[in-house]
Amino acid sequence: MNSINKLLTLKNISKTYHSIKGETTAIKDISFDLYNNEFVGIIGPSGCGKSSILNIISGLDNEYSGTISIKDNVSIGYMLQDACLFSWLTIYENAILGLKISKKLNNDSKDFTINLLKKYGLYDFKDKYPNELSGGMKQRLALIRTLACNPDILLLDEPFGALDYQTRLKVSNDVYNIIKEEQKTVLIVTHDISEAISMCDKIIVLSNRPAIIKNIHNIVLENKKGPIENRKDPLFREYYDIIWKEIDDE
């Protein structure tokens, strides 16, 4: 890809955790690039250090070796597995919370957030509270809160993990369409191979801890659409079998 479109580069990123029992290396020599409008997945065995990579990129964890290069003026938003909504705040108040914390709340950002709520079906609930929303609506609100700060890169950490299977399928489809509509670049961590293939342009497969990059797959489907339709693609099963074997070998 054109280097002009490169937003983020990780080079030889390693992370070691220290405890009274000794040292544990979580990830080792992780290197990859992230380009504008890419949807990239990170997948690997449970506990291999997938979330550690997102924590390092987001700046939540500064104890690592290696280098991270972020293109000038590129901003990052982080959406966790738990929607992390505050029960005592209204839907609108939850939606603008990130703007308040980052001190970006002004008339323009308020209008932008209101438009997101309208566009994605939550405006009529803006004065209600999180306990009045379905699980899927809560995830949509969490995404809107992240998008309200208008980040260039979205980091998604198992964003559908707390949902039942059918809700997960529908919400992943909704979230995918919203992200494509807003033209965001995405790095998603998931343990679900089907989810990764159905959503991503590229999948980074990690080994067991200490995690190294075992393989990087470019996902090229015959007629790429949304995640639900992509699962019906003739090439879907081929990618699934290859990636499953790579993880199962661990």
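The model is predicted. Helix 6 covers residues 165-181, and it contributes the most residues, four, to the lining of the largest cavity. Tyrosine 240 belongs to helix 9, which runs over residues 236-248.

**Helix 6**

- Helix 6 has 17 residues and reaches 24 Å from its first C-alpha to its last, close to the 24 Å expected at 1.5 Å a residue.
- Its buried residues are Arg168, Leu169, Val171, Ser172, Asn173, Val175, Tyr176, Ile178 and Ile179.
- In an α-helix there are 3.6 residues a turn, so residues three or four places apart point the same way.
- The elements that cover the buried residues of helix 6 include strand 3 (39-43), strand 6 (153-157) and strand 7 (185-189), together with helix 5 (135-148), helix 7 (193-199) and helix 8 (227-230).

**The cavity**

- A search of the whole structure finds one cavity of 30 Å³ or more, and the largest cavity has a volume of about 30 Å³.
- Tyr165, Arg168, Leu169, Ser172, Asp192, Glu195 and Arg231 line the largest cavity.
- This lining comprises four charged, two nonpolar and one polar residue.

**Tyrosine 240**

- Tyrosine 240 counts as partly exposed because its relative accessibility is 21%, while buried means under 20%.
- Not counting residues up to four places away in sequence, tyrosine 240 touches Ile193, Ser194 and Ile197.
- Between tyrosine 240 and alanine 196 the C-alpha to C-alpha distance is 9.4 Å, although the two are 44 residues apart in sequence.

Methods: Residues are numbered from 1 along each chain as its sequence is written. This is a predicted model: local features need pLDDT of at least 70, side-chain atom pairs count only at pLDDT 80 or more; totals for chains, interfaces and linings use all residues. Side-chain values use heavy atoms; hydrogens and water are left out. Helices (H or I, at least four residues) and strands (E, at least two) are DSSP runs, numbered from the N terminus. Buried means under 20% relative accessible area, exposed over 50%, partly exposed in between (1.4 Å probe, protein chains only). Contact means heavy atoms within 4.5 Å. The expected span of a helix is 1.5 Å times one less than its number of residues. On a 1 Å grid over the protein atoms alone, a cavity is a set of points where a 1.4 Å probe fits but cannot get out, and a pocket is an open set with protein on both sides within 12 Å along at least five of seven lines; lining residues have an atom within 4 Å of a point. Grid points are joined across faces, edges and corners, and a volume is the space filled by probe spheres set on the points. Ala, Val, Leu, Ile, Met, Phe, Trp, Tyr, Cys and Pro count as nonpolar, Asp, Glu, Lys and Arg as charged, and the others, Gly among them, as polar.
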